[in-house]
Amino acid sequence: MIDTDVLIVGAGPTGLFCAHQLGIIGLKCEIVDNLNKLGGQCIELYPDKPIYDIPAIPECTGEELTNNLIEQIKPFNFKSHLNDRVQEIKNENERWIVKTSKGKEFLTTNIIIAGGVGSFEPRKFPTKNCEKFEGKSVLYSIKDKSIFKDKSVVIFGGGDSALDWAIELSKNSKVTLVHRRDEFRAVPASVEKLKELEKGKKIDVLTKFSIKDVKGHEMLESVEIKSDDGDIKIINTDYILGFFGLIMQLGPILEWGLNIDKKLIPVNTESFETNKKGIFAIGDICFYPGKLKLILSGFHEGALAARGCFKYSRPNEKYKLEFTTTSKAVKERLGVKE
Amino acid sequence: MAKIKYIEHNGKEHEADVSNGLSVMEGAVQNNIPGIDADCGGGMACATCHVYVKEDWFNKLPEKSEGEDDMLDQAYKPNTSSRLSCQIVVSDELNGLVIHLPEKQV
């Protein structure tokens, strides 16, 4: 079990800067995020889009902002746990035991939820029957491509993941690519390669079609697709793969007994604590009168939540504001020499 | 200003007066009309403000933004009448617009 002062849920800009504030005041923290990299929405949704409203930074991209925040918290050597999601919490002797979906356990005095709109998860097929085969023959990601060897695979989607996998799997499998329109949003080189493979009859491409249903008993047998004009086709297949991008889901946090209103968590504006003692919420996920969903607000909220955590983690000490320009203790934590 | 009718998937109708310059998404959110999540807040970075616009109105709307169809690929059950409501800017010309909300966004 990992013992810490604070567990931060969500490694977007708000969570990362909050870690910085915790480091400055001398608390330990661990960060959990469902994505495979730090940065949250900034890195997943708009890494290349310029942002113009970060104080004192006239312009930077989501990726640059993330990299700078990572650089800024480096001195503290905080550990991040990526590709993992907080699952359940239990209160024990005024502290929280937190379990993740991968089975990690934390013992922490405070939890700071900086989860944005939720964790990123693949968008699934809208067809109810797909659930029966999910994880076996209906897949949303590929861990081991060898399972498709000499099998037939129907891939849905028009982005990079769909095309990259269609091209890759066409080497050893019978691949059909189904997309809802004629245009593909994948990089031009992949689209060109796809056209070439289609011409050479290595891949079947069906556009203006979407999924209608799947059939099968123990194993998936076929997938039924429907065109915009109502044409129906049935394709016999061993696997279907869906690549429709990621959606955000609040997930297990909903079960923690927190007050939740319209997918947001109400907090006080002194420490951004929720209705549960020692659980704080900051960034896009929190709500209070006047709340602005801006990164700069998340920074402010993180700074105050960090002080709120101090109160519980160091009950016998009085928090004293120290400046990074002058405080010897803070400079030591930052590892800067006088 | 335009009067916009939002029809939920279950048939429940809501009417709202939406000021010019706001998006159809903002019109719904500000009037507490359910069915539009708008997770990214209108940045065309998610697909959770997806709506359907029937043909009579679809062709009268300003054209789709660049990249809008790319995002719609990632929506729940998109079809040929799909739009992202954050990309439809309200003007007097849209008075009477009817918006159909999908069964769900995520």
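Me: What does A:Ile112 touch, leaving out residues up to four places away in sequence?
Reply: A:Ile112 touches A:Val6, A:Ile8, A:Val9, A:Cys18, A:Phe280, A:Ile282 and A:Ala305. Do keep in mind that this is a predicted model.

Me: Okay! Which residues of the largest nonpolar core touch the most other members?
Reply: That core has 48 residues, and A:Ile8, A:Cys18, A:Ile112 and A:Ile113 are the ones with the most other members in touch.

Me: And which helix gives the most to this core?
Reply: Helix α7 of chain A, residues 295-313, gives the most, with seven residues. Another core lies apart from this one; it has 32 residues, including A:Phe125, A:Leu139, A:Ile155 and A:Ile211.

Me: Let's zoom out. How is chain A divided into domains?
Reply: Domain 1 takes in 2-121 + 247-334, while domain 2 is 124-244. The C-alpha centres of these two domains of chain A are 38 Å apart.

Me: How many helices and strands are there in chain A?
Reply: Chain A has eight helices and 21 strands. Its C-alpha atoms fill a box of roughly 70 × 45 × 40 Å along the principal axes.

Me: What share of chain A is buried?
Reply: Buried residues are 41% of the 338 residues in chain A. As for contacts in chain A between residues at least 6 apart in sequence, 59% of them join residues at least 24 apart.

Me: Can we look at a helix? Which residues of α3(A) are buried?
Reply: Those are A:Gly62, A:Leu65, A:Thr66, A:Leu69 and A:Ile73. They cover an arc of only 100 degrees around the axis, so they are on the same side of α3(A).

Me: What covers them?
Reply: The cover over the buried residues of α3(A) includes α1 (13-24), α2 (41-44), β3 (50-51) and β4 (60-61) of chain A.

Me: What span should α3 of chain A have, and how far apart are its end C-alpha atoms?
Reply: Helix α3 (residues 62-73) has 12 residues, so at 1.5 Å a residue it should span 16 Å. Its end C-alpha atoms are 17 Å apart, which agrees.

Me: Now α5 of chain A: which residues are buried there?
Reply: In α5 (residues 160-169), the buried ones are A:Ser161, A:Ala162, A:Leu163, A:Trp165, A:Ala166 and A:Leu169. They pack against β11 (152-156), β12 (174-179), α6 (188-199), β13 (203-207) and β17 (239-242) of chain A.

Me: New topic, chain B! How many of its residues are in contact with chain A?
Reply: 15 residues of chain B are in contact with 18 residues of chain A. On the chain B side, the residues divide into six nonpolar, four polar and five charged.

Me: What is the phi of B:Ala38?
Reply: Phi of B:Ala38 is near 50 degrees, which is a positive value in a residue other than glycine. You'll find B:Ala38 in the loop between α1 (24-30) and β3 (50-52) of chain B.

Me: Is B:Ala38 buried or exposed?
Reply: B:Ala38 has 21 other C-beta atoms within 10 Å, so it counts as buried; the cut-off is 20 or more.

Me: And where is B:Lys77 found?
Reply: B:Lys77 is in the loop between α3 (68-72) and β4 (82-84) of chain B. Phi of B:Lys77 is also positive, near 50 degrees. B:Lys77 has 16 C-beta neighbours inside 10 Å, so it counts as partly exposed.

Methods: Residues numbered from 1 in each chain as written. Chains lettered and ligands numbered in written order. Predicted model: local features only at pLDDT ≥ 70, side-chain atom pairs only at ≥ 80, totals over all residues. Helix = DSSP H or I, 4+ residues; strand = E, 2+ residues; numbered from the N terminus. Expected span 1.5 Å × (residues − 1). Buried ≥ 20, exposed ≤ 12 C-beta atoms within 10 Å, placed from the backbone. Arc of directions from axis to C-beta. Contact = placed C-beta atoms within 7 Å. Core = buried A, V, L, I, M, F, W, Y, C linked by C-beta atoms within 7 Å. Domains from an automatic or database assignment. Nonpolar A, V, L, I, M, F, W, Y, C, P; charged D, E, K, R; others polar.
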